Amino acid sequence: MNTIPTPQYNWNDIETILPTLPRFRMVSPKMLGLAECGDQQVIVREADKPDEAPALSAVVSGKYKLLQHAEVLHGATEWTRKSLGVDKPKVHVSLADYGRRAEFHIGLAPISNFAPDGFPIQLNMVCSNSVDGQSSFRMGLRWLRLVCSNGMMAGVSLASSRAHRRGLG
């Protein structure tokens, strides 16, 4: 897997990272000079630079709902701001498979009043998105706790997933 870890960003930097996330578009095979094959559509990664060509990313069903990574991150951080009052969450972004898959870890709040050994519990929202039709959109909450000073974490997760179909929004 081609994983590109990026550093932690706080809310002030989110606006600069959103435009850097890869963008994709769904086109008919005919637009690319290919033969039609039922209701299938082609997902194309848009070029990052003017001198680059778009790249073929996946072939999906015509019922597939394309959800951009930037939409997921923006929607999640807006929800945390409006619903939870968390204005500046820390966000960790990981891109894999040439940008076709993204995972966002959004730090919501440490629960400091329960830290018997000095390590607080951290509440995180995790959003996983793919544009290649290989996995569903997943969103969940994780309570993570540092177990020892070498970085080992323990926790509990609650998650929900939705297929990339029309009506996903």
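**Figure 1. The largest nonpolar core of the predicted model.** This core holds 19 residues, and Leu21, Leu73, Val93, Phe104 and Ile106 have the most contacts inside it. At least two of its residues come from each of α2 (69–84), β5 (90–96), β6 (101–111) and β7. Apart from this core lies another one of seven residues, including Ala58, Val60, Leu66 and Val131. In soluble globular proteins, nonpolar side chains tend to be buried together.

**Figure 2. Surroundings of phenylalanine 104.** Residues up to four places away in sequence are not counted here. Phenylalanine 104 touches Leu21, Val72, Leu73, Val93, Met125, Val126 and Cys127, among others. His69 and His92 are also among the residues that phenylalanine 104 touches.

**Figure 3. Asparagine 129 in strand β7.** Strand β7 spans residues 121–130 and includes asparagine 129. Asparagine 129 has a relative accessible area of 2%, under the 20% limit, and therefore counts as buried. The side chain of asparagine 129 forms a polar contact of 3.0 Å with the side chain of histidine 69. Leaving aside neighbours within four places in sequence, asparagine 129 is in contact with Leu67, Gln68, His69 and Val72, with Arg100, Arg101 and Ala102, and with Phe137 and His164.

Figure 4. Leucine 32 is located in the loop that runs between β2 (24–27) and β3 (41–45). Its relative accessibility of 41% lies between the 20% and 50% limits, so leucine 32 is classed as partly exposed.

Notes
Residues numbered from 1 in each chain as written. Predicted model: local features only at pLDDT ≥ 70, side-chain atom pairs only at ≥ 80, totals over all residues. Heavy atoms only, no water. Helix = DSSP H or I, 4+ residues; strand = E, 2+ residues; numbered from the N terminus. Buried < 20%, exposed > 50% of the residue type's maximum accessible area, 1.4 Å probe, protein only. Polar contact = N/O pair within 3.5 Å; in protein donor to acceptor, adjacent residues only side chain to side chain. Contact = heavy atoms within 4.5 Å. Core = buried A, V, L, I, M, F, W, Y, C linked by side-chain atoms within 4.5 Å.
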